[in-house]
Amino acid sequence: MRRKLIAGNWKMNKTLPEAVELAGELKKQVGNVNDVDVVLCPPFPMLFSVGEIIKDSNIKLGAQNLFWEEQGAFTGEVAAPMLTSVGCQFVIVGHSERRKYFGETNQTVNRRIKAALKFGLTPILCVGETLEQREAGSMETVVTTQVKEGLADFSADEVAKMVIAYEPVWAIGTGRNATPEQAVEVHSLIRELLKSQYGADLANKFRIQYGGSVTPQNANELLQEEEIDGALVGGASLKADSFAAIIKAGELLSHA
Ligand code: PGA
């Protein structure tokens with residue numbers, strides 16, 4: 001069985017004192033987690049302090065975005081070596097909110113992934129269709145294109161270092177999660193695509209997370225699916241108790 005990866009995407013939430021409190025509480029509750037991988041993705045200004053709090057625990061640090069250049073005159077941007085220098089091991093790339101509000105395309109996603117890999121960061125590539133696309137019957141085309149173009153020109157060795165998060169846009173922040181069946185259908189589609197492009201060995205080891213209104217209430221039924229290799233959690237990662245409950249659901253299942 002693939003090891004589950006539970007990541008908390010704090011989005012644009014938490015001031016420094018709030019971030020420190022949340023990270024401290026999570027360290028207390030799940031700092032010695034062993035059977036699943038746990039990643040916190042706070043906003044940029046909080047990365048270092050959160051990293052300091054969790055560095056002697058089993059919780060890892062991730063960022064929510066990065067720019068593809070390594071340094072230079074790019075006001076307001078953050079580069080991969082900056083992220084690694086504050087302790088990041090993961091970075092979310094191509095979240096639907098970045099695609100929707102900040103003009104992110106599959107091509108810019110591809111460049112960001114390249115920069116992440118160059119500096120040893122594990123990219124979490126987010127893909128997923130909108131409700132209109134699903135209702136128009138184009139979910140498969142949309143997701144396939146996002147994966148193919150996002151991963152364009154990467155070798156199998158490079159792809160093996162990544163994670164994909166399937167996040168249907170209609171499920172993000174809406175309280176309406178995809179059913180396990182809906183998630184499994186798309187995860188299988190992505191896995192088949194990886195298999196055809198990079199081989200069965202890579203596809204079988206590759207982790208595909210589900211994201212979109214994951215809560216302690218639905219975590220168990222989603223995570224118990226073999227096809228679902230973890231969760232990318234937004235809202236429910238902002239409170240220690242609810243995020244810890246999701247992590248514990250993942251842990252319990254790893255013993256099942
Ligand atoms: P949500 O967000 O859990 O609040 O739906 C998930 C995400 O956007 O990663």
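Predicted model: local features only at pLDDT ≥ 70, side-chain atom pairs only at ≥ 80, totals over all residues.
**Stop 1: helix 1 and helix 2**

Select residues 16–30 for helix 1 and residues 47–54 for helix 2. Two packed helices are described by the angle between their axes and the distance between the axes. Here the axes come within 9 Å and cross at roughly 25°. Angles under 35 degrees count as roughly parallel, so helix 1 is roughly parallel to helix 2. The crossing of the two is right-handed.

Now show the side chains. Which residues of helix 1 meet helix 2? They are Leu16, Ala19, Val20, Ala23, Gly24 and Lys27. On the helix 2 side, look for Ser49, Val50, Ile53 and Ile54. Colour this contact by class: seven residues are nonpolar, two are polar and one is charged.

**Stop 2: glycine 62**

Is glycine 62 buried or exposed? Its relative accessible area is 0%, so glycine 62 counts as buried. Select what glycine 62 touches, leaving out residues up to four places away in sequence: Val39, Leu40, Cys41, Pro42, Leu47, Cys88 and Phe90.

Glutamate 25 and glycine 62 are 37 residues apart along the chain, and 18 Å separates their C-alpha atoms.

**Stop 3: glutamate 104**

Move to the loop between helix 4 (96–101) and helix 5 (106–118), where glutamate 104 is found. With a relative accessible area of 6%, glutamate 104 is buried; the cut-off is under 20%. What does glutamate 104 touch, not counting residues up to four places away in sequence? Select Asn65, Gly94, Arg98, Arg99, Val109 and Arg112.

**Stop 4: helix 7 and helix 9**

Another helix pair comes next. Select residues 139–150 for helix 7 and residues 180–198 for helix 9. Their axes come within 11 Å and cross at roughly 45°. That angle makes helix 7 oblique to helix 9. This crossing is right-handed.

Bring up the side chains here too. From helix 7, show Met139, Glu140, Val143, Thr144, Val147 and Lys148. They meet Glu185, Val186, Leu189, Ile190, Leu193 and Gln197 in helix 9. By class, the contact holds seven nonpolar, two polar and three charged residues.

**Stop 5: proline 168**

Follow the chain to the loop between strand 6 (163–166) and helix 9, and click on proline 168. Proline 168 is buried, at 0% relative accessible area. Which residues is proline 168 in contact with, leaving aside neighbours within four places in sequence? Gly128, Glu129, Ala178, Tyr210 and Gly211.

Draw a line from proline 168 to glycine 128. The two are 40 residues apart in sequence, yet their C-alpha atoms are 4.3 Å apart in space.

**Stop 6: arginine 2**

Finish in the segment before strand 1 (5–9), at arginine 2. Its relative accessibility is 19%, and under 20% means buried, so arginine 2 counts as buried.

Zoom in on the side chain. One of its polar atoms lies 3.2 Å from the backbone oxygen of glutamate 226. Then widen the selection to what arginine 2 touches, not counting residues up to four places away in sequence. Those contacts are Arg191, Ala203, Asn204, Lys205, Phe206, Arg207, Glu226, Glu227 and Asp229.

Conventions. Residues numbered from 1 in each chain as written. Heavy atoms only, no water. Axes fitted to C-alpha atoms, helices over the stretch in contact; angles between N-to-C directions. Helix = DSSP H or I, 4+ residues; strand = E, 2+ residues; numbered from the N terminus. Parallel < 35°, antiparallel > 145°, perpendicular 65-115°, else oblique. Left-handed = near helix turned anticlockwise from the far one by under 90°. Contact = heavy atoms within 4.5 Å. Nonpolar A, V, L, I, M, F, W, Y, C, P; charged D, E, K, R; others polar. Buried < 20%, exposed > 50% of the residue type's maximum accessible area, 1.4 Å probe, protein only. Polar contact = N/O pair within 3.5 Å; in protein donor to acceptor, adjacent residues only side chain to side chain.
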